[in-house]
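Okay, thanks for coming, everyone. I've got one structure to walk through today, so let me put it up on the screen.

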Amino acid sequence: MSAITETPDGPIEVIQVLFALHPGFGAQELCGPLEILSKARHKINDPSTKAFEITLAAPSAGVTSSSGLTIKADIDLATAHEDLSEYDVLIIPGGDGVNKVLETQSEPLSLISDFAKLQISDPSKERTLMSIGTGSLLFAQSGILQGLAATTHPDYYTKMEIICKEAARKGDLEQTDVMEENYVVNNARFELGEKLEENPFVLSKRPDARRKSIARKGSNAWKESVKRRESNARRASLRLGGLRLITSGGITSGLDASLYLVAAMVSHESAQEVARVMQYSWNKGVTVEGIDV
């Protein structure tokens, strides 16, 4: 699996993304983020500088969504487990099938747990775990949201709270702040700069005039943060070894969170260009914790 793209200006690192699908996943919760990440470029006018390489994993060669769309997987989940250390980002779509996963305690629950453990054991690499819609219920079930903040589809706020409270009871009793937000980012990476008002990732005022949050919006610091020893040490001191953890609400919230991911790991300019091409208005979420890298 290559992580380098050769260009006339030299090699450009390609970010490896793994989507883990389950029977009954939400088709739009896969296709929307997939489209956004596929369009992202390190240099917006150069098609050869693609930012993300995407792999689809599923329990079988073909997996069917809740709406009847069948997707051919690139790899099975056993292979995904074997190659997990090669991926920078793991994305879990929600969908009606999430309920079955919760009932049977089946995949991708162990894949989620293993990815989080991988970051804790090796914080030298910056990794991101992201859910779309009810995929965050699987994060809650895995117990990785304790002491963090998260969101989910609005119809499932109560169920999310119940699962998180049960996970806290079984774990170290730390609660999860279930937020009614578009998307929520934990352990962000950001560069504050000298003038906060000019930083596109810092929200100084809530647009709806509600309680102000920390609201740092990430950065394009991925390429640098993975190299700095001091960043590695600071990352290791954060929860989950500094694993960037993003949860989003419904389908369009997944689009917004995916654009955030492009901005955070590639550039704000790239995210804006993807939104322009898709004729989509990017709505921001909130960031609850971060480190200045």
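This is a predicted model: local features need pLDDT of at least 70, side-chain atom pairs count only at pLDDT 80 or more; totals for chains, interfaces and linings use all residues.

The protein has 293 residues, and 54% of them are buried. On secondary structure, we have 10 helices and 16 strands. And if you take the contacts with a separation of 6 or more, 73% of them join residues 24 or more positions apart.

Two packed helices are described by the angle between their axes and the distance between the axes. I've got two cases for you.

Case one is helix 1, residues 27-39, against helix 9, residues 251-265. Their axes come within 9 Å and cross at roughly 25°. What does that make the pair, roughly parallel or roughly perpendicular? Angles under 35 degrees count as roughly parallel, so helix 1 is roughly parallel to helix 9. The crossing is right-handed. So who's touching whom? From helix 1 you get Gln28, Glu29, Gly32, Pro33, Ile36 and Leu37, and from helix 9 it's Ile251, Gly254, Leu255, Ser258, Leu259, Leu261 and Val262. Sorted by class, that contact has eight nonpolar residues, four polar and one charged.

Case two: helix 4, residues 109-121, and helix 5, residues 135-142. Here the axes come within 9 Å and cross at roughly 65°. An angle of 65 to 115 degrees counts as roughly perpendicular, so that's what helix 4 is to helix 5. This crossing is right-handed too. The contact uses Leu109, Ile112 and Ser113 on the helix 4 side, with Leu138, Phe139, Gln141 and Ser142 on the helix 5 side. By class, we're looking at four nonpolar, three polar and no charged residues.

While we're around helix 5, have a look at threonine 134, in the loop between strand 9 and helix 5. Threonine 134 is buried, with a relative accessible area of 7%. What does it touch, leaving out residues up to four places away in sequence? Threonine 134 contacts Glu29, Gly94, Gly95, Val98, Thr152, His153 and Tyr156.

Next, aromatics. How many aromatic pairs are there? The count comes to one. The rings belong to tyrosine 183 and tyrosine 260, with centres 5.7 Å apart and planes at 50°. Planes under 30 degrees apart would count as stacked and over 60 as edge-to-face, so at 50° this pair is tilted. Tyrosine 183 is in strand 12 and tyrosine 260 is in helix 9, so the pair ties together parts that are 77 residues apart in sequence. Are these tyrosines buried or exposed? Tyrosine 183 is buried at 0% relative accessibility, and tyrosine 260 is buried at 1%.

Last stop, backbone geometry. The peptide bond from glutamate 107 to proline 108 is cis, with omega near 15°. Proline 108 sits in the loop between helix 3 and helix 4.

Then there are a couple of positive phi values in residues other than glycine. Leucine 240 has phi near 60°, and it's in the loop between helix 8 and strand 14. Glutamine 279 has phi near 50°, and that residue is in the loop between helix 10 and strand 15. On accessibility, leucine 240 is buried at 17%, whereas glutamine 279 is exposed at 79%.

Conventions
Residues are numbered from 1 along each chain as its sequence is written. Side-chain values use heavy atoms; hydrogens and water are left out. Axes are lines fitted to C-alpha atoms, for helices over the stretch in contact, and angles run from 0 to 180 degrees between N-to-C directions. Helices (H or I, at least four residues) and strands (E, at least two) are DSSP runs, numbered from the N terminus. Angles under 35 degrees count as roughly parallel, over 145 as roughly antiparallel, 65 to 115 as roughly perpendicular and the rest as oblique. A crossing is left-handed if the near helix is turned anticlockwise from the far one by less than a right angle, and right-handed if clockwise. Contact means heavy atoms within 4.5 Å. Ala, Val, Leu, Ile, Met, Phe, Trp, Tyr, Cys and Pro count as nonpolar, Asp, Glu, Lys and Arg as charged, and the others, Gly among them, as polar. Rings of Phe, Tyr and Trp (its six-membered ring) pair if their centres lie within 6.5 Å; planes under 30 degrees apart count as stacked, over 60 as edge-to-face and the rest as tilted. Buried means under 20% relative accessible area, exposed over 50%, partly exposed in between (1.4 Å probe, protein chains only).
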